[in-house]
Amino acid sequence: MTRKKILGSHVKRLLSGVSDHGRRHLTEVETDLIQTGLLLEEAIEKLSFNFMAIHQTVEAERATIQLLLDGGQPTPEQRVQLEALQGQVGTYVNAAITSLQFQDMTSQLLDRTLKRVTGLREFLGTLGAHGSEMLPDSDNEQIVELLGKVSMALAIQSLELRSVLRKAVSQQHLESGDIELF
């Protein structure tokens, strides 16, 4: 193989490596952001439902509460409904708290996305730092050697980045049990 072909081969491998690693990490960033959006949408929907249910439950007993405040005597049916109010509100509050668990998972997704973006920035920084080492009068052997170092450094950085990023996010709190997504 001639020196020109060797150089061309190294440049091609470096460029395709940068492209592959960059696209892979950006695809993961895109996936994490989509998952974060879905989690937030689900959590907001559940929180809205439960807050409205609390309001409607309390509002349904307003007349009985006003009757008591005015010194009146509730009927046996009103008394039963009023006594059930605490349990009903508690159920909705617990469901709302469970919905808040999504906040922890979205934080994990956002943290993972930030690490990936930071890693990508460092990846590009490495490429720029090694590129500045290349002199205009470098001969082919020096260029091939430098491209080999750049390729190796980028491959190592990419592996290190993948190793620090857990794939799954999870929730391990509250009485609802553990949740693992993605």
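Visitor: Leaving aside its neighbours within four places in sequence, which residues is Leu-127 in contact with?
Guide: Setting those sequence neighbours within four places aside, Leu-127 is in contact with Leu-14, Val-18, Val-150 and Leu-154. Keep in mind that this is a predicted model.

Visitor: Okay, and which helix is Leu-127 in?
Guide: Leu-127 is in helix α3.

Visitor: Is Leu-127 buried, partly exposed or exposed?
Guide: Partly exposed, because its relative accessibility is 25% and buried means under 20%.

Visitor: What separates the C-alpha atoms of Leu-127 and Ile-156?
Guide: Those two C-alpha atoms are separated by 13 Å, and the residues are 29 apart along the chain.

Visitor: What about Thr-126, buried or exposed?
Guide: Thr-126 is buried, because its relative accessible area is 15% and the cut-off for buried is under 20%. Thr-126 also lies in helix α3, which covers residues 76-133.

Visitor: And who does Thr-126 touch, leaving aside neighbours within four places in sequence?
Guide: With those neighbours left out, Thr-126 is in contact with Ala-153, Leu-154 and Gln-157.

Visitor: New topic, the helices. How do α1 and α4 sit relative to each other, roughly parallel or roughly antiparallel?
Guide: Helix α1 is residues 3-60 and helix α4 is residues 140-164; their axes come within 10 Å and cross at roughly 20°. Angles under 35 degrees count as roughly parallel, so α1 and α4 are roughly parallel to each other. Their crossing is left-handed.

Visitor: Which residues make that contact between α1 and α4?
Guide: On the α1 side they include Leu-7, His-10, Leu-14, Val-18 and His-25. On the α4 side, Ile-143, Val-144, Leu-147, Val-150 and Leu-154 are among them. By class, the residues of this contact of α1 with α4 divide into 11 nonpolar, six polar and five charged.

Visitor: And α1 with α3, what's the angle there?
Guide: The axes of α1 and α3 cross at roughly 165° and come within 8 Å. Over 145 degrees counts as roughly antiparallel, so α1 is roughly antiparallel to α3. This crossing is left-handed. The contact of α1 with α3 has 28 nonpolar, 11 polar and six charged residues.

Visitor: Which residues make up the largest nonpolar core?
Guide: That core has 10 residues in all: Leu-7, Leu-14, Val-18, Phe-123, Ile-143, Val-144, Leu-146, Leu-147, Val-150 and Leu-154. Helices α1 and α4 each supply at least two of its residues.

Visitor: Which helix gives the largest share of this core?
Guide: That's α4, with six residues.

Visitor: Zoom in on Leu-7. What is Leu-7 in contact with, leaving aside neighbours within four places in sequence?
Guide: Apart from those neighbours, Leu-7 is in contact with Asn-140, Ile-143, Val-144 and Leu-147. There is also a second, separate core of five residues, which includes Leu-39, Ala-43, Phe-102 and Leu-109.

Visitor: How far apart along the chain are Glu-145 and Leu-7?
Guide: They are 138 residues apart along the chain, yet their C-alpha atoms are separated by 9.4 Å. Glu-145 lies in helix α4 and is partly exposed, with a relative accessible area of 48%.

Visitor: Last one, where is Leu-67?
Guide: Leu-67 is in helix α2, residues 62-69. At 28% relative accessibility, Leu-67 counts as partly exposed. Leaving aside its neighbours within four places in sequence, Leu-67 is in contact with Gly-72, Gln-73, Pro-74 and Gln-78.

Note on methods
Residues are numbered from 1 along each chain as its sequence is written. This is a predicted model: local features need pLDDT of at least 70, side-chain atom pairs count only at pLDDT 80 or more; totals for chains, interfaces and linings use all residues. Side-chain values use heavy atoms; hydrogens and water are left out. Axes are lines fitted to C-alpha atoms, for helices over the stretch in contact, and angles run from 0 to 180 degrees between N-to-C directions. Helices (H or I, at least four residues) and strands (E, at least two) are DSSP runs, numbered from the N terminus. Angles under 35 degrees count as roughly parallel, over 145 as roughly antiparallel, 65 to 115 as roughly perpendicular and the rest as oblique. A crossing is left-handed if the near helix is turned anticlockwise from the far one by less than a right angle, and right-handed if clockwise. Contact means heavy atoms within 4.5 Å. Ala, Val, Leu, Ile, Met, Phe, Trp, Tyr, Cys and Pro count as nonpolar, Asp, Glu, Lys and Arg as charged, and the others, Gly among them, as polar. Buried means under 20% relative accessible area, exposed over 50%, partly exposed in between (1.4 Å probe, protein chains only). A nonpolar core is a set of buried Ala, Val, Leu, Ile, Met, Phe, Trp, Tyr and Cys residues joined through side-chain atoms within 4.5 Å.
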